[in-house]
Amino acid sequence: MRGGKAATACIALLVFSAGPAAADYGGEVAQEGVQTSVTNAGLDRAKHGLDIWTGAADKRTFAYASVYACPYNNPGGSAKDVLCAGAIQGCAGNTPEQGQGPLVRLYRRELDASGNPMGGWMDICTSCFPDLVPGKPVLGLGQILAAFHNTPWAKPTAHIQPKGNVTLVTLATYFEVNWPTAGFQPGEIDTVTLLGTPVRIRPTVQGYTYVFGDGTNFGPTPSAGGAYPDGDITHVYAKAGIYTTHIDITYGGEFSIAGGAWLPIPDSVTVAGSLQPLTVKTANARLVTG
Amino acid sequence: MAVPLAASMLLAACGGDAKPGASSSSTLTSSPTTTAPPTASPSTDPNIPVAARAHTPAGAEAFVRYFFERLNVAWTAPSAGILSPLCQPSAIACAANEKTATRLVSEGHRYDGNPVTVKVIAALGSTSTNRIAVLANVVQERRSEIDATGKTYVTDDRKDLRLNFELLYTGQAWSVASTKIMK
């Protein structure tokens with residue numbers, strides 16, 4: 001179910017009539033139904049005391065609670081509300097309108113006229129809008145993705161051999177990734193605070209793209225190159241000239257909430273590397289006596 | 001391939017009016033949702049790995065992974081009767097998977113490669129003492145149904161699927177209660 005639609009149900013069960021025999025695993029699963037998480041519209045209804053599904057006035061009063069949709073998480077439980085891969089993957093790939101998660105499980109319990117609970121927590125649905133659930137807001141992936149995008153990324157520079165950024169036509173020139181001290185490079189942890197919760201973001205490498213400045217590129221590749229003679233990223237220039245080279249990086253990342261397990265961030269950011277001029281000269285053979 | 005099935009009915013259901021009950025912070029007990037008592041499958045698969053029998057979230061994840069291993073065997077060998085012992089009789093998708101395996105055997109057809117590749121299996125949490133939801137991100141591969149001569153009958157499209165498995169613990173092992181596409 002997409003955000004913005006008038007959600008009236010969290011589980012829609014599709015029942016199909018029998019047709020010609022066909023396999024198609026996904027099609028066979030579709031016969032059993034589609035499970036959708038409650039939309040932001042439904043959550044907004046709950047916040048205003050209306051029925052979460054129909055929007056009808058509801059004389060009852062409820063308390064709401066939510067937890068990440070992970071094993072062992074329960075409202076009111078003594079255990080910390082931990083995040084798990086399933087809650088991330090349950091909404092991964094969604095647009096902001098669909099809700100980017102993490103997937104949360106929403107509970108409610110009815111209150112009497114004095115505000116005392118009349119029963120236990122009841123599991124009512126899941127949602128990919130954790131920041132909109134009634135009750136205590138749960139940190140959403142959208143906020144984590146925003147923090148990921150705001151990371152002060154380290155810009156790689158190209159270490160080039162031969163030394164001095166001068167090479168020769170037809171000579172194999174070696175490229176290697178070098179890191180400046182500024183910014184966060186792969187493996188370096190950036191810590192931010194979101195909704196009062198410490199969130200660690202650890203950049204990872206999805207790939208490097210080597211831009212040689214003569215109209216040719218190599219990558220994306222996971223290789224950070226290397227020095228002569230073992231480096232695996234080399235380039236041979238055909239013509240003399242001054243070329244502007246750079247190594248661009250596509251960062252992935254992992255995050256950890258409140259010291260919890262590291263989980264993959266379902267997004268990437270490409271950062272252009274610092275420009276490095278490279279002079280390519282022509283070598284002239286000369287006979288020398290002596 | 002497109003599913004040549006016509007939708008005939010749309011039912012909506014949710015837990016909004018479930019009966020009240022006590023919540024618990026104990027493991028595998030997160031919801032008081034009223035459910036039917038566990039029903040052992042007619043004949044539980046004796047080959048379910050020990051890890052997939054554990055009454056834990058990790059055991060549930062291992063069980064779903066095993067289910068897909070068996071599905072791939074059922075449609076490529078092919079082999080009938082190996083999926084039903086993994087599912088509750090009410091599991092519609094599972095019954096359809098088994099029906100396909102049975103048809104492949106009877107017609108002398110098979111799939112020319114594994115129909116499903118697992119990307120991610122992750123427990124989402126328990127909805128009652130003996131139930132747990134498990135997320136499965138899988139790929140329905142582009143595979144063909146062929147006969148003994150290699151003639152192709154149908155070819156399935158490649159699709160990414162995000163599935164919600166509802167598992168039931170029968171006291172001996174996990175069992176698939178339902179499988180739904182997550183949207």
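## Around strand β10 of chain A

A:Tyr210 stands opposite A:Phe218, a residue of β11(A). This is a predicted model, where local features need pLDDT of at least 70 and side-chain atom pairs count only at pLDDT 80 or more, while totals for chains, interfaces and linings use all residues. Residues are numbered from 1 along each chain as its sequence is written, and chains are lettered from A and ligands numbered from 1 in the order in which they are written.

Back to that pair: strand β10 (residues 197-211) of chain A pairs with β11 (residues 217-221) in the antiparallel sense, over 3 bridges. Helices (H or I, at least four residues) and strands (E, at least two) are DSSP runs, numbered from the N terminus, and two strands pair if DSSP finds at least two bridges between them. β10(A) and β11(A) make a hairpin with 5 residues between them, and A:Gly213 in the turn has a positive phi of about 85°.

β10(A) also takes part in a hairpin with β9(A), this one with 2 residues between the strands. There, A:Leu195 takes a positive phi near 50°. Strand β9 covers residues 190-194 and is joined to β10(A) by 5 bridges, running antiparallel; A:Asp190 has A:Ile201 as its bridge partner in β10(A). Then there is β13 (residues 241-257) of chain A, which pairs with β10(A) over 12 bridges, again in the antiparallel sense. In that pairing, A:Gly207 has its bridge partner in A:Thr250 of β13(A).

## A three-stranded open sheet

Elsewhere in chain A, 3 strands form an open sheet in the order β6-β8-β12, with antiparallel pairing. β6 (157-161) and β12 (234-236) each have a single partner strand and stand at the edges, so one side of each is left without a neighbour in the sheet. On average, neighbouring strands of this sheet are turned by 35° against each other, direction ignored. Angles here run from 0 to 180 degrees between N-to-C directions, and axes are lines fitted to C-alpha atoms, for helices over the stretch in contact.

β6(A) is linked to β8 (residues 172-178) of chain A by 5 bridges, the two running antiparallel. One of the residues involved is A:Thr157, whose bridge partner in β8(A) is A:Asn178.

In chain B, helix α1 (residues 57-76) packs on α2(B) at an angle of about 30°, with the axes 8 Å apart. That makes the two helices roughly parallel; the label goes to angles under 35 degrees, with over 145 being roughly antiparallel, 65 to 115 roughly perpendicular and the rest oblique. From α1(B), B:Leu71, B:Ala74 and B:Trp75 meet B:Asn97, B:Thr100, B:Ala101 and B:Leu104 of α2(B). Contact means C-beta atoms, placed from the backbone, within 7 Å. By class, this contact has 5 nonpolar, 2 polar and no charged residues (nonpolar is Ala, Val, Leu, Ile, Met, Phe, Trp, Tyr, Cys and Pro, charged is Asp, Glu, Lys and Arg, and the others, Gly among them, are polar).

α2 (residues 92-107) of chain B also packs against α1 (residues 25-32) of chain A, at an angle of about 145° and with the axes 7 Å apart. On the chain A side, A:Glu28, A:Val29, A:Gln31 and A:Glu32 meet B:Ile92, B:Ala93, B:Ala96, B:Asn97 and B:Thr100. The classes come to 4 nonpolar, 3 polar and 2 charged residues. B:Asn97 and B:Thr100 turn up in the contact with α1(A) and in the contact with α1(B).

## A loop residue: A:Val82

A:Val82 sits in the loop between β3 (61-68) and α3 (85-89) of chain A. It counts as partly exposed because it has 17 C-beta neighbours inside 10 Å; 20 or more other C-beta atoms within 10 Å would be buried, 12 or fewer exposed, with partly exposed in between and C-beta atoms placed from the backbone. Leaving out residues up to four places away in sequence, A:Val82 touches A:Tyr68, A:Cys70, A:Asn73 and A:Gly260. A:Tyr72 is 10 residues from A:Val82 in sequence and 8.5 Å away, C-alpha to C-alpha.

## The chains overall

Chain A has 4 helices and 16 strands, and 40% of its 290 residues count as buried. Among its contacts between residues at least 6 apart in sequence, 63% join residues at least 24 apart.

Chain B has 2 helices and 8 strands, in the order β-α-α-β-β-β-β-β-β-β from the N terminus on. Of its 183 residues, 42% count as buried. For contacts between residues at least 6 apart in sequence, 58% join residues at least 24 apart.

Notes:
Two residues are in contact if their C-beta atoms, placed from the backbone, lie within 7 Å.
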